[in-house]
Structure formats: C-alpha cells, structure tokens
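Here are my notes on the model, written as numbered points. Please have the coordinates open as you read.

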Amino acid sequence: MTHVTPDWAAEWAAGSGEPLRFLEPDGGLVRPDLPRPPDDLVREALRLMLLSRALDEKCTNLHRQGRLGLYAPVHGQEAAVVGSHLAIDPAVDWLVPASREQPAMLRHGWALDRMLASFLGRIDAARIPDHVRMLPRQQSIAAQLPHAVGIAWATSIRGLDGVTLAYCGDGATSEGDFHEACNLAGVMGVPLVLVVINNQYAISTPVSRQTRATRLADRARGYGFPGVAVDGDDLFAVYEVARQAVERARAGQGPTMIEAVTYRMSFHNTSDNPSLYRDPSEVAEAGQRDPVARLVAYATGAGVIRPDAIEVVEAEVRAEVEAALDQALSYPAPGPEEIFRHVFAD
Amino acid sequence: MSAQKDVTLLEAVRVALSDAMEDSDRVVLLGQDVGRRGGVFRATEGLSARFPGRVLDTPLAEGAIVGSSIGLAIGGLVPVAEIQFLGFLHQAFHQVTQQLARYRFRTRGRFHLPVTIRAPYGGGLRMPEFHPDSLESQLANVPGLKVVTPAFADDAYSLLRAAIRDPDPVLFLEPQRLYRSVRGRVPSDGATDGDFGARMRRHGDDLLLVSWGPSVHTCLAAADELEERHAVRSAVLDLRWLSPLDHARLHQEAAVRRRVAVVHEGVRSAGLGAEVVASLQESLCDTISLPILRVTAPDTPYPPGRLEDAFLPSQENIVEAALHVMDRP
Ligand SMILES: Cc1ncc(C[n+]2csc(CCOP(=O)(O)OP(=O)(O)O)c2C)c(N)n1
Ligand SMILES: [Mg+2]
C-alpha cells in the first residue's frame, strides 16, 4: 500500500496504483505522522458504523420475518461511506446517494425512524424533510450522477457555498450516465466529490467483468480531474482524501473522484445468494480487513475509547434501532388514494 | 393585450425565452450549440450576449443535458434545455421517463422539477434520418410529463411561457417546418392568456378534424378543399396539449358533429390518434355511434427525404378520409 504525502493525488497517480492506506488491518498506523481525524470525530464515526451494523442486522431479520421488503446491507463498506461523509457539512453541502449509504443519509439529517419508514413502505413519513439537502435513494444505477453534477453546477452558477457529495458503485461506472456525468463535471469544473464504492461486485458480476482497467479512479484523468484510490476499509485514509477533495471543491478547483476499495461482506440484497458466485475463502479473507474491527482496534489501542465502552455503544445503537422501529411502525401506511397524489402540482 | 410584434414561429420562441429570462434570473438555457451559435435553428440567437452566464453550451450528451437539468432545478434554477432534434431524445430517454417525470411522485413532493425541454420535430424539410421523427406518443405515454406543441407563432410564445412557468416538467415540441413559414403576433409586454386546452382553428358543422403541430396546417388546407369541392364544412381542432389531453373539449366538439378524423405525422400503431379515438369511444359509446378514422404516417421507419411526401399524411389523404366518414350513415 502506498503511503500518503500532502500531494496524495499526484503521488498516487505516479505510484504503484495501490490504494492509499493509513491504518493497518490490525489498527496500527502505517506511519506515525499521518493525519488523523480528531478523537471526537473518531468516536462519532465508530458509533455511526456500529449503528449501521445494527440496522443491517435488524432489517435483515425483519425481511426474514416477512415484515420488510428488500434490504441492501452496508456491511463491509462502513468506513468508505462514513469516512467520506464526515468530510462534508450537512448544513451547506448536498448528499446524492446511490442506495446503500445508510449511515451517510442518517448523518445528513434523515432521521432513523424516517429511514425505517421508507423500508416499511410508509412513503409519506419517509419524505425527506425540506431542510435536508439530500436526494432519495436511486434505483436506476448511475442515474443520480448527472443530477449530482446539475446540483453542483447550480451551486456554482448561483454563487452559493456548498459541495455535492455523490456516491455510486463499481457496477455503475459501466453505465453511460457515469461517463456523461463525469465528463460534464470536468468540463464545467463543478464542486463535486464522487465516491465510487468499489465493493468488488455488482450483484454477481465481479469488477473484472466491468472493466479491464485495474483502477476505476484512473478514469478521472480522462475527464481532466484528479482521481485517487483509497483503502475503503480504512476510515482515516478515506476521511483524509475526502477532506482534501471537499477542500478543493470549496476552493473552486473542481471535481475529484475517490475510489474506495472495499468488499461487500454480505449479500447484494436480501433476495440474493452469494454462495452461487463467490468462494467462501474470499469472503473470509476480506473479513480480515473489516473496517469496524480495524477502527475499534485503533480506537481502543490509542485510548480514544475504553475497550469496555464498545459494548455499551453496541447496546445503545441496538436500542436506538428498536425505538426508531417502533416509531416507524406507528406511522400510517399509505392508502390507495396516495397513488394519485404528487403526480403533478395540485 | 397591448402592442404586438409580428414574428415567425421561430422568433416567437426566441422572444418567449428572452422574456422569461428577463422576468426571472433563475431561468437558464442549456444545450448543444445554444450559446454563441444560437442553436442550429438560431432559436437562442443573441441570448448568450444578452444574458451572460445563463446560456450554457453543453458537451454532446443528451442524457447529461436532461440529467443535469434535473440537478439544476433541484439546485434552485429553472432550466430550459434544448435537445437539438427530438429524434435524439432517446439518448436521454431514461432520464426523461424514469427521473424527470417521477421526481415529484417519488419524493412525495419534496422535490419538483420546473424543467422545460424544447425540441424541434416533424417532417417536410428533407432532413437526414432521426431529425424529422415525431415521437410525441412515446412521451404522452409517460405519467408525470406534460407535452405541448404549438402550430402558430402566438401559441409558440404563450405556450412556451406557460411551459417555463409550470412547476412540473414540460416537453415543448417545436414543428420545425413551421419555424419560418408561419407568422403571428406576440405581445410586446409579455402578457399571455389562454394557455391551456385545445383551440378551434376553423369552424364547420359537418365534420371534426383533430390534429396538432405541423399537420394542423395540412388539415386547414384539406378543410378548404372539402368546402370548395365537396361542400363539406369541416372544423379543425388543434389539441396543443398532448398530455394531459383536453378530453372535455374533444368530446364536446365531436358530439355536435358526429364525424371525426384525427391526423398526425407520427406512425400509426399505438400513435396518439389511437388515444383520441379511444377517448371519444369511451365517452360517447352510450349515446352516439361515431364514424372516425385516422390519417397517419404508416408503420415504417421514417424514410429518406425524397420519399417523405409518400410517408407524411397529405391533404389528399385527409380529404379522402373525410369523405369516407361523411359517407357513413
Ligand atoms: C439501470 C439498472 N440496471 C440494472 C439494475 C439492477 N441492479 C440493481 S443493483 C445492481 C448492481 C449494482 O452494482 P454496483 O453499482 O456495484 O452497486 P452495489 O450494489 O455493489 O452497491 C443491478 C445490476 C438497476 N437497478 N438499474
Ligand atoms: Mg458494487
């Protein structure tokens, strides 16, 4: 793994092509002088990552009980999602999710009970509140990317503050929308940070079947803006790269692409059976790089959080999910008349 | 209305864009070659100089034009996008049908998209393949989109102003062969009235011809011939809004004449004419037996220019269909 320098993007581009890494899988720092998020941010991140795990577990169980429709877990991708979102300010910045960025959506201001309401089909309770600058989950792969470019473009045309943080998957990079969006973003120099969550799979299709290129981040060069690959299971590397990308965007220096190299530890969604297409040894090996375990090892080792506090946080986030679920279930289910509302302005 | 300017349909489009930009600095134009070139038909000529930074030349990518318009609208602007020719809207079709049309519904009203997409369409100019295609039925089939097309210069102005003012997405289809051949008056003070619903373009008690866009003029010529040569007095109803359709007006005008022909340049099967026929049958089936025919392009790809006269519905085709429905008991 390449070690970071202040000019990470240039160094990365000229270097081995290996994703940037700050934190070793055992929680040790690759080098002692690397930038680290402040301790309270580390604690916030850890809590959010544990909440995300608890949410995955709950929603998967609810699906098995027939109480919730399809669910796509975050499992394995928590550092990539949380680390990048920590770099933006929900009060001024826009979030454009793909679909499995639950902890980013929560941190952006969509309350947990509202998110659960969306999984439970309580569509009106799930409405994104007016003050939350966030698009809904997108079911059409990559279609959100031109929207993100448009929002960022509007921000610069109107002379407003605010960066747009958009996500997509490795599979999404094969879609035409990915190309058209990146190209337009580069031409217009819009304040956009695009995080490509490379979790190695699009359902059953491995990334080697999406592209012959070794690194998705290399594509950024073809659009005329920097791209960098980071170890997506390393919260610190993801955060630092995202922070610098957001800084560039705020300074009017245009878009950045970040490829967060990670692994989808779980199924694609609750209807999928990954044993049909991937070897258990591959999953076990990826488990060695687990982003939550890595952060816990760092945080407890460095005295950022006491080892016995981890269980406390785990219990707290489980209780938080339970309470939010009760709240979500109390919202009314939509009646058939809802079909006719919001087609056009009333 | 106060003073009026005499303009072509193309100029009416330009005046509407310019007035809309004057009225609100949120209105921006985007598309291929819309800036210094002023668009391939010069619909946006002069606007980039007059409104610096608000006429945005884009890369050659229809999906990005429509997709980024969605983001521009969410970001607080009122985008008017030009698709150089309607036939190339297919390159953006998923952004139109999956995204633009559904954002309000999907987000339960959290976001709505005041986006206008302008696109020239229709035959008669000996254009290369794709450039003359009439795809309005494919768009009218999409809930959440409005589709409108003017046949006259005054309508081009007022309907485009209405489209830009609309809080929801509107496809504004511009009949390219009428751009310079049709003239009319537009208000010099920006006032418009009567923006919604169908319009009667010619009165006549015997027969109703229903059409929109370029073929309204073919219907008017056919109606004159029917009156002069066959003593058949035809009314010509210009639907203007293809989605939502003005069903009430359509039913009312058909019921009093009891003989109808519907005329369009799009292909026949699953064309919008079938919708007009179905709407009339459903509303009148308990009361009236209604002889009704379609006059349309055939179910073939749009042919090369030198064959397009055989493809497009002609005055002769309309007269023949009209006499046929007049012959019914
Ligand atoms: C345009 C489109 N094609 C196909 C699908 C079906 N589909 C849903 S998710 C998915 C894979 C997406 O892979 P990736 O972009 O890597 O995201 P990930 O699921 O790994 O997060 C596919 C093919 C879809 N939703 N949209
Ligand atoms: Mg993937």
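1. A word on conventions. This is a predicted model, where local features need pLDDT of at least 70, side-chain atom pairs count only at pLDDT 80 or more, and totals for chains, interfaces and linings use all residues. Residues are numbered from 1 along each chain as its sequence is written, chains are lettered from A and ligands numbered from 1 in the order written, and side-chain values use heavy atoms, with hydrogens and water left out.

2. Helices (H or I, at least four residues) and strands (E, at least two) are DSSP runs, numbered from the N terminus. Asp170(A) is buried at 1% relative accessible area, and Asn199(A) is buried at 5%. Buried means under 20% relative accessible area, exposed over 50% and partly exposed in between (1.4 Å probe, protein chains only).

3. Now the interface: 36 residues of chain A are in contact (heavy atoms within 4.5 Å) with 37 residues of chain B. The two chains bury about 3,000 Å² between them, 62% of it on carbon and sulfur atoms; this is the accessible area (1.4 Å probe) lost on being put together, summed over both.

4. Between chain A and chain B there are two salt bridges (a side-chain nitrogen of Lys or Arg within 4 Å of a carboxyl oxygen of Asp or Glu). One of them joins Arg108(B) to Glu338(A), with the closest N and O atoms 2.8 Å apart. On the side of chain A that touches chain B, the elements giving two or more residues are helix H6 (144–157) and helix H7 (176–188). H6(A) provides the largest share, seven residues.

5. Lastly, helix H11 (residues 291–301) of chain A has several buried residues, among them Val292(A), Leu295(A) and Tyr298(A). Their cover includes helix H2 (39–64), helix H9 (235–250) and helix H12 (307–330) of chain A. After H11(A) comes Gly303(A), with a positive phi near 75 degrees.
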